[in-house]
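Please consult the sequence and the structure alongside the text.

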Amino acid sequence: MIHDVLLILWDSSENAIEKKENLAYANEGDVEIYGRLSEIAKSHHRIQSFVEETGFQSRKALSATTHSHRYGLYTQALSEGITEVLLSYKKTLVEVESLVIGNHNYTLSYVYSYIEKYQGLFNTLNRIITTIKERRLMGCQILSLIHQYILSGNKSIHDAVLKIFTSVNKVFIHQLCTWLLYGELKDVYQEFFISKRKDDSSETLLSTPSSSNVCDKTLVSTLQETLGCGYTLNPTLIPHFMPLSLAQEILFIGKTVILFDLDPKKVKKHSGFASSRPMLPLKKYGIESRRFTIWEDKESEFHEKLQKLKDPDNFEVHNLRSVIREIKECVTKHLWTVAVEEAQLIHELKLMKDFYLLGRGELFLELLRLTAHMLDKPTIRTSSRDMNQAFQMAARSVFLSNNTDIEKFSFELPYVKPNISGNSSIDEDYSTVADGWSSIILKYDFKWPLHLLFTPEVLARYNDMFRLLLRLKKTQHDLHSLWKTYKQSASFAMSQLHNKLMFLMDNLQHYMQADVLETNFSRLMDAVNKTNDFEKLKKAHATFLADILSQSFLTVTLSSDSDCSGDPADTLNNPVFCNIMELLKLCHSFCSMSEIANDREAEDYYIKGYSERFNKLVKQLMQLLVSLRDRPCGVYLARLLMRLDYNRWLSREAQLTQSVTNMLRY
């Protein structure tokens with residue numbers, strides 16, 4: 001009977017266990033012992049069935065017959081780990097059998113004394129298997145599940161689960177290593193927490209060229225084909241012991257390796273490089289291609305550190321994080337070298353300031369003289385061509401035509417065809433189309449790999465600033481052009497209103513250029529010069545852009561119920577910005593008054609209306625200070641109004657109970 005029990009314990013179906021129920025027992029206690037041994041045998045059978053179902057041989061046979069894979073590499077590794085754990089159980093059975101053969105007086109209790117210790121282990125393994133089947137876990141989810149069972153008060157269970165975790169962890173470390181060091185995703189069964197994005201319309205690693213980004217289109221499109229549709233995190237597969245920030249760092253490193261594993265010069269020469277050719281392995285190129293060798297002599301060092309993580313004694317979250325941080329530091333330093341030294345990032349940032357932020361004031365003053373009449377009207381099909389021709393003429397006028405930096409910038413004035421209905425005239429329909437001031441786009445052809453910094457979203461925000469500054473400069477220039485005319489005017493009200501408008505625009509312009517742009521750009525340059533980490537540089541640039549947008553009272557959140565109308569930029573959800581735009585419109589109307597006022601009576605009528613409108617807007621601006629003083633932009637609004645209300649004149653005009661100076665005292 002003992003030999004029958006050993007046979008059942010070795011590997012027998014549940015039907016075979018039931019057939020042995022009517023065996024002759026030596027005593028009544030053997031019935032209960034046999035029942036316990038039967039439960040252990042059943043547990044072992046369920047485990048063994050799972051191993052046979054998911055093992056390598058079974059998966060190979062399934063692949064040959066159905067060409068489909070139900071289980072992946074992680075499940076196979078789990079089966080191999082379980083098989084390794086069960087070896088001690090098999091060895092124990094062989095040992096018991098040899099003892100029983102040597103002494104026929106042993107009972108079932110003696111056999112149970114050897115096998116009992118595996119009952120807890122089998123129960124744990126069956127819970128793992130049941131959870132995997134019920135929840136349909138796969139890949140890194142299996143790794144997370146096993147990791148949760150490592151902490152056990154039973155040492156034998158702890159050691160067994162640790163062996164299984166080590167087996168599964170080898171697959172994880174192998175995939176992690178190939179992704180981090182070579183930018184390759186070896187994941188046939190979609191088990192890794194990084195996956196290839198299937199939606200081409202979603203965000204890709206390389207920013208898609210748009211109207212705001214005219215980086216080398218041939219290069220970018222070819223790189224996009226090579227990278228497929230990009231890579232992204234699969235949140236459901238991120239191991240529970242890995243923080244999301246660490247997973248994002250791993251994704252960033254792999255993307256960067258892919259980026260630098262491609263030589264743009266070779267891509268330009270071979271347009272069909274991307275889709276059919278496999279990824280180039282990392283290797284040392286010539287001196288000219290030195291920047292595409294990321295690791296230099298550290299590749300073997302990083303590889304060794306990653307392989308050490310296969311050892312369960314070394315696999316801790318802090319050890320994994322430490323290795324990832326070292327690799328990321330190496331990657332970002334190399335990215336810094338390429339971006340700053342070879343792509344001349346500091347020079348490119350200065351160009352952004354000179355052109356997008358109107359640092360080249362004389363150039364844009366000349367451009368406004370040539371194109372103001374064009375921008376005042378709705379765009380037509382030839383607007384972009386005419387604008388770029390005027391830009392070249394303005395560059396020659398200020399002796400910048402031979403500067404190669406001028407060729408990096410161009411203008412686009414999107415043409416929107418008027419929708420003329422039967423009940424509306426052409427003039428009425430054209431009035432609904434945005435003019436050039438609100439639709440003009442300054443495009444920038446930057447060097448590779450600066451698209452990582454100057455994404456389409458970033459360039460769109462720069463264009464928001466450019467449109468505001470351009471309109472402000474145009475308004476200031478128009479007011480100054482009328483100074484000589486209105487100085488000799490006999491109308492005191494007209495001269496006074498002109499002086500008020502000039503005072504407001506001059507201080508607003510000084511605030512934008514000195515208090516906002518120059519101050520924040522100096523901070524950006526200090527941050528750039530103090531670091532050699534591209535990620536820190538990118539963060540500093542993002543901070544710079546966010547600061548100038550906030551301090552210029554621009555936001556990126558659109559408001560559907562905004563009170564502003566007309567210009568699309570006026571719908572930005574910031575009441576101060578809306579107020580400033582209304583003041584600019586008032587200045588524009590004042591400057592064009594001579595075209596609509598034919599006599600002194602009409603002139604006085606318009607001056608009275610403009611003065612009332614100006615006082616109303618100024619009063620609104622002052623009241624906004626009180627309501628926004630506790631918000632982030634309130635600090636910068638206070639700085640502006642302190643400049644405007646230095647003599648408390650605006651406070652009196654706005655009929656406030658106390659001056660702005662007193663309001664700002666805490």
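## Overall make-up

Of the contacts in the protein between residues at least 6 apart in sequence, 73% join residues at least 24 apart; a contact here means heavy atoms within 4.5 Å. The structure is a predicted model, in which local features need pLDDT of at least 70 and side-chain atom pairs count only at pLDDT 80 or more, while totals for chains, interfaces and linings use all residues. Residues are numbered from 1 along each chain as its sequence is written, and side-chain values use heavy atoms, with hydrogens and water left out.

The protein has 30 helices and four strands. These elements are DSSP runs numbered from the N terminus, helices being H or I with at least four residues and strands being E with at least two. Buried residues account for 49% of the 666 residues. Buried denotes under 20% relative accessible area, exposed over 50%, and partly exposed the range in between, with a 1.4 Å probe and protein chains only. The accessible surface of the protein is about 32,800 Å², and carbon and sulfur atoms contribute 50% of that surface. Accessible areas come from the Shrake-Rupley method with a 1.4 Å probe, and for residues only the protein chains shown count as cover.

## Helix 23 and its partners

Helix 23 (residues 492–529) packs with helix 16 (residues 345–355) at an angle of about 170°, the axes lying 12 Å apart. Helix 16 is therefore roughly antiparallel to helix 23. Axes are lines fitted to C-alpha atoms, for helices over the stretch in contact, and angles run from 0 to 180 degrees between N-to-C directions. Angles under 35 degrees count as roughly parallel, over 145 as roughly antiparallel, 65 to 115 as roughly perpendicular, and the rest as oblique. From helix 16, Ile346, Leu349, Lys350 and Lys353 meet Glu518, Phe521, Leu524, Met525, Val528 and Asn529 of helix 23. The residues of this contact comprise six nonpolar, one polar and three charged. In this classification Ala, Val, Leu, Ile, Met, Phe, Trp, Tyr, Cys and Pro are nonpolar, Asp, Glu, Lys and Arg are charged, and the others, Gly among them, are polar.

Helix 23 also packs with helix 25 (residues 575–591), at an angle of about 140° and with axes 11 Å apart. The two helices are therefore oblique to each other. Their crossing is left-handed; a crossing has this hand if the near helix is turned anticlockwise from the far one by less than a right angle, and is right-handed if clockwise. Met494, Leu497, His498, Leu501, Leu504, Met505 and Leu508 of helix 23 meet Ile580, Leu583, Leu584, Leu586, Cys587 and Phe590 of helix 25. By class, this contact has 12 nonpolar residues, one polar residue and no charged residues.

## Helix 9 and helix 14

The axes of helix 9 (residues 155–182) and helix 14 (residues 299–308) come within 10 Å and cross at roughly 160°. Helix 9 is therefore roughly antiparallel to helix 14. The crossing of helix 9 and helix 14 is right-handed. Helix 9 contributes Ile173, Cys177, Leu180, Leu181 and Tyr182 to the contact, and helix 14 contributes Glu299, Phe302, His303, Leu306 and Gln307. Seven of the contact residues are nonpolar, two are polar and one is charged.

## Individual helix residues

Isoleucine 115 lies in helix 6 (residues 108–115) and is buried, with a relative accessible area of 0%. Leaving aside residues up to four places away in sequence, isoleucine 115 touches Leu9, Leu37, Ile40, Tyr89, Thr92 and Leu93. Isoleucine 115 and leucine 93 are 22 residues apart in sequence, with their C-alpha atoms 7.9 Å apart.

Threonine 75, in helix 5 (residues 73–102), is buried at 3% relative accessible area. With residues up to four places away in sequence not counted, threonine 75 touches Phe50, Thr54, Ile142 and Glu191. Threonine 130, in helix 7, is partly exposed at 37%. The C-alpha atoms of threonine 130 and phenylalanine 50 are separated by 9.9 Å, and the two residues are 80 residues apart along the chain.

## Loop residues with positive phi

Most residues other than glycine have a negative phi. Arginine 136 has a positive phi, near 55°. Arginine 136 is placed in the loop between helix 7 (119–135) and helix 8 (140–148), and counts as exposed at 72% relative accessibility.

Phenylalanine 399 likewise has a positive phi, near 60°. Phenylalanine 399 is found in the loop between helix 18 (383–397) and strand 3 (409–412), and is exposed, with a relative accessible area of 75%.
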